[in-house]
Amino acid sequence: MKVYQVPVHADQQLIEKIAGLLMQQMTRHDTDEAYQLLLNGINEALTEDSPANILVAEEDGDILGVAFFNVGISLKMGGPYVWLNDLFVHNDFRNQGIAKKLLLHLIRWAERENIRGIELETGVNNSVTKHLYNSLGFHDIVSNRYCFNF
């Protein structure tokens, strides 16, 4: 299995594989609309000036896992940081270390890019994921996340 950053202007077949995998976590949405929104977001992320990046774990042409993140500027960190929007592994390949490999790749990338920190959000009761994050040096911060949609 290899983990790599998806290049800007990746081919449509790879983009569709990524969107197909991410659709697994969107079971509460209209399928056609959700898929189109994913494709739009992935395509926008893979443009030259986008702050977004996508990592994939791939084996034999199959996408097993995806990490989608954005680079922003943090006042409290005094510089660039990563917001990990999505970390998702195909249901059939969970508990095989794929999420950990994606996170380690992200951490190494962030160090090379002089990123000051990585932030993410997980469910309150998601003990498996919390254990993974804590094992890699992430720590809990108290936060409530809010959203405003147009």
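This note walks through some helices, cores and contacts of the structure above.

1. **Ground rules.** This is a predicted model, in which local features need pLDDT of at least 70, side-chain atom pairs count only at pLDDT 80 or more, and totals for chains, interfaces and linings use all residues. Residues are numbered from 1 along each chain as its sequence is written, and side-chain values use heavy atoms, with hydrogens and water left out. Helices (H or I, at least four residues) and strands (E, at least two) are DSSP runs, numbered from the N terminus.

2. **Helix 1, start and buried face.** Helix 1 covers 12–22. At its start, a side-chain oxygen of D11 comes to within 3.1 Å of the backbone nitrogen of Q13. The buried residues of helix 1 are L14, I15, I18, A19, L21 and L22. Buried means under 20% relative accessible area, exposed means over 50%, and partly exposed lies in between (1.4 Å probe, protein chains only). Seen down the axis of helix 1, these buried residues fall within an arc of 160°, so they line one face of the helix. The arc is that of the directions from the helix axis to the C-beta atoms. An α-helix has 3.6 residues a turn, so residues three or four places apart point the same way.

3. **What helix 1 packs against.** The partners of its buried residues are strand 1 (2–5), helix 2, strand 2, strand 3 and strand 4. Contact here means heavy atoms within 4.5 Å.

4. **Helix 2, length.** Does the span of helix 2 agree or disagree with its residue count? Helix 2 has 15 residues (31–45), which should span 21 Å at 1.5 Å a residue, and its end C-alpha atoms are 21 Å apart, so the two agree. The expected span is 1.5 Å times one less than the number of residues.

5. A34, L38, L39, I42 and A45 are the buried residues of helix 2. Seen down the axis of helix 2, they fall within an arc of 135°, so they line one face. On the other side, D32, L37 and E44 are exposed. The cover over the buried residues includes helix 1, strand 2 (52–59) and strand 3 (62–74).

6. **The cores.** A nonpolar core is a set of buried Ala, Val, Leu, Ile, Met, Phe, Trp, Tyr and Cys residues joined through side-chain atoms within 4.5 Å. The largest has 23 residues, of which V6, I18, I42, I54, V56 and V66 touch the most other members. Helix 1, helix 2, strand 2 and strand 3 each supply at least two residues of this core. Helix 1 gives the most, with six residues. A second, separate core of 21 residues includes L84, I98, L106 and W109.

7. **V6.** Not counting residues up to four places away in sequence, V6 touches L14, I18, L46, I54 and V56.

8. **H90.** Where is H90? H90 sits in the loop between strand 4 (79–89) and helix 3 (98–112). Its side chain makes a polar contact with the side chain of Q24 (3.1 Å). A polar contact is a pair of N or O atoms within 3.5 Å; within protein, one must be able to donate a hydrogen and the other to accept it, and residues adjacent in sequence count only if both atoms are side-chain atoms.

9. **K130.** K130 lies in helix 4 (residues 127–135). K130 is partly exposed, with a relative accessible area of 27%. K130 and D140 are ten residues apart in sequence and 8.8 Å apart in space, C-alpha to C-alpha.
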